[in-house]
Amino acid sequence: MALLTSDCPDLKLVARGKVRDLYEVDANSLLFVATDRLSAFDVIMKNPITGKGKVLTQLSLFWFDLLGDVLPNHLITADFDAMPTSVQKYREQLEGRSILVKKMRVLPVEAIVRGYITGSGWAEYKRKGTICDIELPEGLVESQKLPQVLFTPSTKAEIGDHDENIHPSKMAAILGSQELADKVAEAAVALYTKASEYAAQKGIIIADTKFEFGLDENDNLVLVDEVLTPDSSRFWPASKYEAGRGQESFDKQYVRNYLESVGFDKKTSIELPEDVIAKTLDKYKEAYHLLTGKTIVL
């Protein structure tokens, strides 16, 4: 059964994001619910991808475990039987797609890390030889591996607006601290580096990804939200990689390509064809299988 919007009236709804619904469970914890909504170009599509939220949740849990030695995360439990009774009463909706997490002060930037030149980075480079106004060597081609991993943050947009890429030097003013900005950049690059090296052994190139961070009660930096999923990352099959062109992918690039082909205006929600829905879910499931060695049951 697809979950387009969760409905948990006895829990306090804090926010509905592009994909996640967020509830307050008590003074110290929140419930993150990954729905089956699909967002592309910052627009939520009309129809869901059945089971997508479960794939995102299970893959995030895999990465939380693998990357725990790089940075702590906000997870309390994903075991539904260990969650409060106020959550368990919504088992039919929530099981397999929910995580109970510690409340954090979430930082108002998205930490994007790029290992390859693609997407908005490639578009900017063609225009002026930069990514987020960071100067790059001349002569790079589409999908080429960058000379070094780039940290390119963005502002967080409200639903319906577009995130804005910014130069890393502007992040300190947003966060109120150069020291914190440096910690975010270092943590993001360290997380990406470990994850991309692991994924390479499994035949997947992580071209880029987006992390989100928060601060705990002691001002320690903590990894929050989803981690290295096909929604927040570009995953390419290494066996088919070739610089100089767009790549096949295990992520929602398939949806983006479809939307571009039909002249999508990047503002108005539309309904995706069933074959696009099915192929996108297959790609998400294949990425999960390659990375974890497990087959996800939806």
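**Strands, sheet and aromatic pairs in a predicted model**

Glu212 is found in strand β14, where helices (H or I, at least four residues) and strands (E, at least two) are DSSP runs numbered from the N terminus. The structure is a predicted model, in which local features need pLDDT of at least 70 and side-chain atom pairs count only at pLDDT 80 or more, while totals for chains, interfaces and linings use all residues. Residues are numbered from 1 along each chain as its sequence is written, and side-chain values use heavy atoms, with hydrogens and water left out.

At 11% relative accessibility, Glu212 counts as buried; the term buried stands for under 20% relative accessible area, exposed for over 50%, and partly exposed for what lies in between, with a 1.4 Å probe and protein chains only. Accessible areas come from the Shrake-Rupley method with a 1.4 Å probe, and for residues only the protein chains shown count as cover. Apart from its neighbours within four places in sequence, Glu212 is in contact with Val106, Glu110, Lys156, Val222, Leu223, Val224 and Asp225, contact being defined as heavy atoms within 4.5 Å. One of these residues, Asp225, is found in the loop between β15 (221–224) and β16, and Asp225 is itself buried, with a relative accessible area of 16%. The phi angle of Asp225 is near 65°, a positive value in a residue other than glycine. Leu228 lies in the loop between β15 and β16 as well; its phi is near 50°, again a positive value in a residue other than glycine, and Leu228 is buried with a relative accessible area of 0%.

Strand β14 (residues 204–215) is joined to β9 by 4 bridges, and the two run antiparallel; two strands are taken to pair if DSSP finds at least two bridges between them. Strands of a sheet pair through backbone hydrogen bonds, either parallel or antiparallel. Within β14, Asp208 is the bridge partner of Arg114. Strand β9 is also joined by 2 bridges to strand β13 (residues 154–155), in an antiparallel arrangement, and here the bridge partner of Glu110 is Ser154. With strand β12 (residues 145–151), β9 pairs in the antiparallel sense over 3 bridges, and Val113 stands opposite Phe151 in β12. Strand β9 (residues 109–116) is largely enclosed by the rest of the structure, because 8 of its 8 residues are buried.

The aromatic rings were examined next. Rings of Phe, Tyr and Trp (its six-membered ring) are counted as a pair if their centres lie within 6.5 Å, and planes under 30 degrees apart count as stacked, over 60 as edge-to-face and the rest as tilted. By this rule the count comes to 9 aromatic pairs. Tyr116 and Tyr241 form an edge-to-face pair, with 5.7 Å centre to centre and 80° between the planes. This pair links distant parts of the chain, since Tyr116 lies in strand β9 and Tyr241 in the loop between β16 (233–237) and α7 (253–261), 125 residues apart. Tyr116 is buried, with a relative accessible area of 12%, whereas Tyr241 is partly exposed, with a relative accessible area of 27%. Tyr241 also forms a stacked pair with Trp236, at 6.0 Å centre to centre and 15° between the planes, and Trp236 is buried, with a relative accessible area of 3%. One aromatic cluster is formed by Phe62, Trp63 and Tyr198.

An open sheet is formed by 5 strands in the order β1-β2-β3-β7-β6, with antiparallel pairing. Its edge strands are β1 (12–16) and β6 (75–77), each of which pairs on one side only. From one strand to the next the twist averages 35°, where axes are lines fitted to C-alpha atoms, for helices over the stretch in contact, and angles run from 0 to 180 degrees between N-to-C directions. Strand β3 (residues 29–34) is joined to strand β7 (residues 98–102) by 5 bridges, and the two run antiparallel; Leu31 stands opposite Leu100 in β7. Helix α1 (residues 52–66) packs on the sheet, touching β2 (20–24), β3, β6 and β7, and its direction makes about 45° with that of β7.

For the chain as a whole, the secondary structure comes to 8 helices and 16 strands, and buried residues make up 50% of the 298 residues.
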